[in-house]
Amino acid sequence: MIRVNNLRKSFGEDDKRITVLEDFNAHMEKGQITSIIGGSGSGKSTILKLLIGAYRPDSGEIWIDGEEVSQLKDEAISRVRKKFGTMFQTGALFNSLTVEDNVALPMREHTNLNEGTILIMVKMKLEMVGLRGAEHLKPAQLSGGMIKRIALARAIALDPKIVFYDEPSAGLDPISIGVIDKLIIDLSKKMGITSVVVTHEIPSAMRISDKIIMLFKGEIIAEGTPEEIRKSDDPRVIQFIEGSPDGPIPFSKSLTDYGDELKEMSRV
């Protein structure tokens, strides 16, 4: 469903450019859950932004559902984006809108469905995430876990082939994480949705993933099933999986190492 060939991305200007990704190659199979893990600054968020079209690569190809999309613009990229939904880390709900209006927004913007049909579809999506009956609440009235589930309901509003998840478990308690994990698995297995999950939650990634890709300094250092990742003898993988402060991955990193990337991100 997704294939990435020789992807390269850097930030900054001239001799101050920082390369975040170099010759990145990966594929995400149809109907499977692929988790991308790695420490801060490893490049996983950059990959997500490239896949959804928020960034353009310096070079390389991004194939989504059989179409090369890395250089598409305007209406062409909008057409491709209808094939996928995105669940953002913070939920990114509109605080002034009700739950119903938040979930209905993609359908009102991108379809010609009448209002009655849209409201029925909203109820169906909320039922799928276990929150039917919350239609008239505002985001300020929701818990963190509920916000995540509403964000997921909005992400699947247009019945996408692909869903991208940006740190779906961040800031949640263990039970809420389990709920989100189950929803991701159900959508993948029961509806055939291809899922790409950017996460630092190792237990969650191990539970839900068909394949895990681990990044370090913009390069893939491990790729395989959760069991294969667990058995890796790479000290960087072992350190990250165990959460140890001691090892080849440094505990601290100067902000200057991130500076140009952070500046570029702030423009998007």
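Strand 1 (residues 2-11) and strand 4 (residues 59-64) run antiparallel and are joined by 5 bridges, where strands are DSSP runs of E with at least two residues and helices are runs of H or I with at least four, both numbered from the N terminus. Within this pairing, Asn5 stands opposite Glu61 of strand 4. The two strands belong to an open sheet of 4 strands, paired antiparallel in the order 2-1-4-5, two strands being taken as paired if DSSP finds at least two bridges between them. Strand 2 (18-28) and strand 5 (67-68) form the edges of this sheet, each pairing on one side only.

The model described here is predicted, so that local features need a pLDDT of at least 70 and side-chain atom pairs count only at pLDDT 80 or more, whereas totals for chains, interfaces and linings use all residues. Residues are numbered from 1 along each chain as its sequence is written, and side-chain values use heavy atoms, with hydrogens and water left out.

In the protein as a whole there are 10 helices and 10 strands. The radius of gyration is 19 Å, which agrees with the value near 18 Å that a compact globule of 268 residues would have; this radius is taken over C-alpha atoms, and the globule rule is 2.2 Å times the number of residues to the power 0.38. The C-alpha trace spans about 55 × 40 × 35 Å along its principal axes. Of the 268 residues, 47% are buried, a class defined by a relative accessible area under 20%, with exposed meaning over 50% and partly exposed in between (1.4 Å probe, protein chains only). The accessible surface comes to about 13200 Å², and carbon and sulfur atoms account for 51% of that surface; the areas come from the Shrake-Rupley method with a 1.4 Å probe, and for residues only the protein chains shown count as cover. Among contacts between residues at least 6 apart in sequence, 64% join residues at least 24 apart, a contact meaning heavy atoms within 4.5 Å.

Two aspartates have a positive phi. Asp23, in strand 2, has a phi near 50°, a positive value in a residue other than glycine, and Asp23 counts as partly exposed because its relative accessibility is 47%. Asp159 likewise is not a glycine and has a positive phi of about 50°; Asp159 lies in the loop between helix 5 (144-155) and strand 7 (162-166), and with a relative accessible area of 46% it is partly exposed.

Two buried residues were also examined. Ile221 is found in strand 10 (residues 219-224) and counts as buried because its relative accessibility is 17%. When neighbours within four places in sequence are left aside, Ile221 is in contact with Met214, Phe216, Asp234, Arg236 and Val237. Ile221 and Glu127 are separated by 94 residues in sequence and by 39 Å in space, C-alpha to C-alpha. Ala134, in the loop between helix 4 (115-128) and helix 5, counts as buried because its relative accessibility is 5%. Between Ala134 and Arg8 there are 126 residues of sequence separation and a C-alpha to C-alpha distance of 43 Å.
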